[in-house]
Amino acid sequence: MTQSVALTINGKRREDQVEPRLLLVHYLREVAGLTGTHIACDTSQCGACTVLIDGEAVKSCSVFAVQADGRQVTTIEGLATDGVLHPVQQAFWNEHGLQCGFCTPGFIMAAAYLLKENPSPTDDEIARGLEGNLCRCTGYENIRKAVRAASETMRGGSAEMTGHLVGSAAAPVEG
């Protein structure tokens, strides 16, 4: 038995028939072909699958695709605008806020939500805002530096913004 689901992902409307038990993370990756949202723990503990639903940060492994029916979903692929990296994406690049990169999409989505809600977070507020995301590689310092840098940029400060999207991957280019 399948159920109809219609949602807008990264500004594009989609309609599909899905199993009612299909998790949103699997829908995004397997049906919509958006593989930037990662699957890790499947228990909503790690945050690698964080996306925005109607502007709220949500772990997509804890939501059924049918629960997103009629909603706006933003994934890591939809954060950039007109081929230019979002300030959080650029800050993660500039500040080396990643190592293996597996957890990075979830951290970026959680940080984007945090900065939308609180444009000038303290270090404690950054830690609380990202506490649902886990990284096995870093000591988190460069992740916090990236959030601070993105905050500065988003509030009108200066930061190096050279990242442009190339194909389906983000890569810095000299401009």
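Among contacts in the protein chain between residues at least 6 apart in sequence, what percentage join residues at least 24 apart?

**Figure 1. Overview of the protein chain.** The structure is a predicted model, in which local features need pLDDT of at least 70 and side-chain atom pairs count only at pLDDT 80 or more, while totals for chains, interfaces and linings use all residues. Residues are numbered from 1 along each chain as its sequence is written, and side-chain values use heavy atoms, with hydrogens and water left out. Of the contacts (heavy atoms within 4.5 Å) between residues at least 6 apart in sequence, 55% join residues at least 24 apart. The protein chain contains five helices and seven strands; these are DSSP runs numbered from the N terminus, with helices (H or I) of at least four residues and strands (E) of at least two. Their order along the sequence is β-β-α-β-β-β-α-α-α-α-β-β. Of the 175 residues, 42% are buried, where buried means under 20% relative accessible area with a 1.4 Å probe, protein chains only. The accessible surface, from the Shrake-Rupley method with a 1.4 Å probe, is about 9,000 Å², and 49% of that surface belongs to carbon and sulfur atoms.

**Figure 2. Close-up of helix α2 (residues 87–94).** The buried residues of α2 include Val88, Gln89, Gln90, Ala91 and Phe92. After α2 comes His96, which has a positive phi near 55°.

**Figure 3. Packing of helix α2 against helix α5 (residues 141–154).** Two packed helices are described by the angle between their axes and the distance between the axes. For α2 and α5, the angle is about 135° and the axes are 8 Å apart; axes are lines fitted to C-alpha atoms over the stretch in contact, and angles run from 0 to 180 degrees between N-to-C directions. Pro87, Val88, Ala91 and Phe92 of α2 meet Ile143, Ala146, Val147, Ala149, Ala150, Thr153 and Met154 of α5. This contact has ten nonpolar residues, one polar residue and no charged residues.

**Figure 4. Packing of helix α3 (residues 104–117) against α5.** The two axes come within 11 Å and cross at roughly 40°, and α3 and α5 are therefore oblique to each other. On the α3 side, the contact is made by Phe107, Ala111, Leu114 and Leu115, and on the α5 side by Ile143, Val147, Ala150, Ser151 and Met154. By class, these residues are eight nonpolar, one polar and no charged.

Notes:
Ala, Val, Leu, Ile, Met, Phe, Trp, Tyr, Cys and Pro count as nonpolar, Asp, Glu, Lys and Arg as charged, and the others, Gly among them, as polar. Buried means under 20% relative accessible area, exposed over 50%, partly exposed in between (1.4 Å probe, protein chains only). Angles under 35 degrees count as roughly parallel, over 145 as roughly antiparallel, 65 to 115 as roughly perpendicular and the rest as oblique.
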